[in-house]
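I am opening my notebook on this chain. Each entry says what I looked up and what came back.

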Amino acid sequence: MSLYRDDGVVLRTQKLGEADRIVTVLARRTGRIRAVAKGVRRTKSRFGARLEPFTHVDLLLYTGRSLDVITQAETVRAYGEPLSADYPRYTSGTAMLETAGRLTPVEKEPALRQFLLLVGGLRALGEGQHDPRLVLDAFLLRSLAVAGYAPALAECALCGAADLGGDSGGRAAPLPIPAGGPASPSWRPPRGSRSSASSSGSTLESATRRGSSSSCGSSRRSTAWAARSSPWGSGSWAACS
Ligand SMILES: [Zn+2]
């Protein structure tokens, strides 16, 4: 049995047995921990109220066989207090906690940057100087980047082409939402997709027809990927215009 100390933000709690809870914490040095807090659902519990989501706690734990056990908990800062009476801020904070948990998939893998982002995001929410949706968006973009994800804004999300200059009419690059980013100017919604099916106007129909010869629809994406790994090179394959 070895004792260790760490501080972290409580992400969620689950009931365990009659009086215990499993507490998930994103800790500064250890990363995400799932630990048992014994007896915390009894009214006499010494630290039960401190182990609630949004609370930054200083913990003393010992390593158990499957789950570690929390033996002491001191509140560093209760980020949940200013959020509890404000629904938009509360939901934004809840999304932050869930994101932080999902972007730290491996238990006890140190995730200091995610921890610092979460503390910064919760503090900004609590201070209330910015729209909670903006605070959440900033948090999501940064934590995704830390986890290795970033939106592709400078190239086509379907084929990777760098030219997103838009067409000669000065229109911006199309943005097929399912692709997760902008597409080449030649891209058109595939036939039968909701946007073209619901449009009875002839403009979109003719645009689809005009673009079909050089479309970079997702059906072409697989050939582009296949071409990249083919021994004959990619010379004759062009996914976009
Ligand atoms: Zn493309």
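**Entry 1: H1 and H3**

I began with a pair of helices in this predicted model. H1 and H3 pack at an angle of about 10 degrees, and their axes are 9 Å apart. An angle under 35 degrees counts as roughly parallel, so H1 is roughly parallel to H3. Next I listed who makes the contact. From H1 come Pro88, Arg89, Ser92, Ala95, Met96, Thr99 and Ala100. From H3 come Pro132, Arg133, Val135, Leu136, Phe139, Leu140 and Ser143. I sorted these residues by type and got 9 nonpolar, 3 polar and 2 charged.

**Entry 2: H1 and H2**

I then turned to the pair H1, residues 87-102, and H2, residues 112-127. Their axes come within 10 Å and cross at roughly 175 degrees. An angle over 145 degrees counts as roughly antiparallel, so H1 is roughly antiparallel to H2. On the H1 side I noted Arg89, Ser92, Gly93, Met96 and Ala100. On the H2 side I noted Gln114, Leu118, Gly121, Leu122 and Leu125. This contact divides into 5 nonpolar, 4 polar and 1 charged.

**Entry 3: H2 and H3**

How do the axes of H2 and H3 cross? They cross at roughly 175 degrees and come within 10 Å. H2 and H3 are therefore roughly antiparallel to each other. H2 brings Arg113, Gln114, Leu117, Gly121, Ala124 and Leu125 to the contact. H3 brings Pro132, Val135, Phe139, Arg142, Ser143 and Val146. By type I found 7 nonpolar, 3 polar and 2 charged.

**Entry 4: H1 alone**

I checked the length of H1. It has 16 residues, and at 1.5 Å a residue they should span 22 Å. The end C-alpha atoms of H1 are 22 Å apart, which agrees.

Which residues of H1 are buried? My list reads Arg89, Ser92, Gly93, Met96, Leu97, Thr99 and Ala100. They cover an arc of only 165 degrees around the axis, so they sit on the same side of H1. On the other side, Tyr87 and Arg102 are exposed. I also asked what the buried residues of H1 pack against. The list is strand S1 (3-16), strand S2 (20-27), H2 and helix H3 (132-146).

**Entry 5: H2 alone**

H2 also got a length check. It has 16 residues and reaches 22 Å from its first C-alpha to its last, close to the 22 Å expected at 1.5 Å a residue. Its buried residues are Gln114, Phe115, Leu117, Leu118, Val119, Gly121, Leu122, Leu125 and Gly126. What covers them includes S1, S2, S4, H1 and H3.

I wrote down two residues here. Phenylalanine 54 is not a glycine, yet its phi is positive, about 80 degrees. Phenylalanine 54 lies in the loop between S3 and S4. Is phenylalanine 54 buried or exposed? It counts as buried, because 23 C-beta neighbours lie inside 10 Å, and the cut-off for buried is 20 or more.

Lysine 108 is the other entry. Its phi is near 60 degrees, a positive value in a residue other than glycine. Lysine 108 lies in the loop between H1 and H2. It has 15 C-beta neighbours inside 10 Å, so it counts as partly exposed.

**Entry 6: serine 45**

Where is serine 45 found? I found it in the loop between strand S3 (31-37) and strand S4 (55-62). Serine 45 is partly exposed, with 16 other C-beta atoms within 10 Å. I set aside its neighbours within four places in sequence and looked for contacts. Serine 45 is in contact with Gly39 and Val40. I also checked alanine 19. Serine 45 and alanine 19 are 26 residues apart in sequence, and 9.7 Å apart in space, C-alpha to C-alpha.

**Entry 7: the whole chain**

Last, I stepped back. The chain has 6 helices and 5 strands. Along the sequence I read the pattern β-β-β-β-β-α-α-α-α-α-α. Of the 241 residues, 31% count as buried. Residues 24 or more positions apart account for 55% of them.

Methods: Residues numbered from 1 in each chain as written. Predicted model: local features only at pLDDT ≥ 70, side-chain atom pairs only at ≥ 80, totals over all residues. Axes fitted to C-alpha atoms, helices over the stretch in contact; angles between N-to-C directions. Helix = DSSP H or I, 4+ residues; strand = E, 2+ residues; numbered from the N terminus. Parallel < 35°, antiparallel > 145°, perpendicular 65-115°, else oblique. Contact = placed C-beta atoms within 7 Å. Nonpolar A, V, L, I, M, F, W, Y, C, P; charged D, E, K, R; others polar. Expected span 1.5 Å × (residues − 1). Buried ≥ 20, exposed ≤ 12 C-beta atoms within 10 Å, placed from the backbone. Arc of directions from axis to C-beta.
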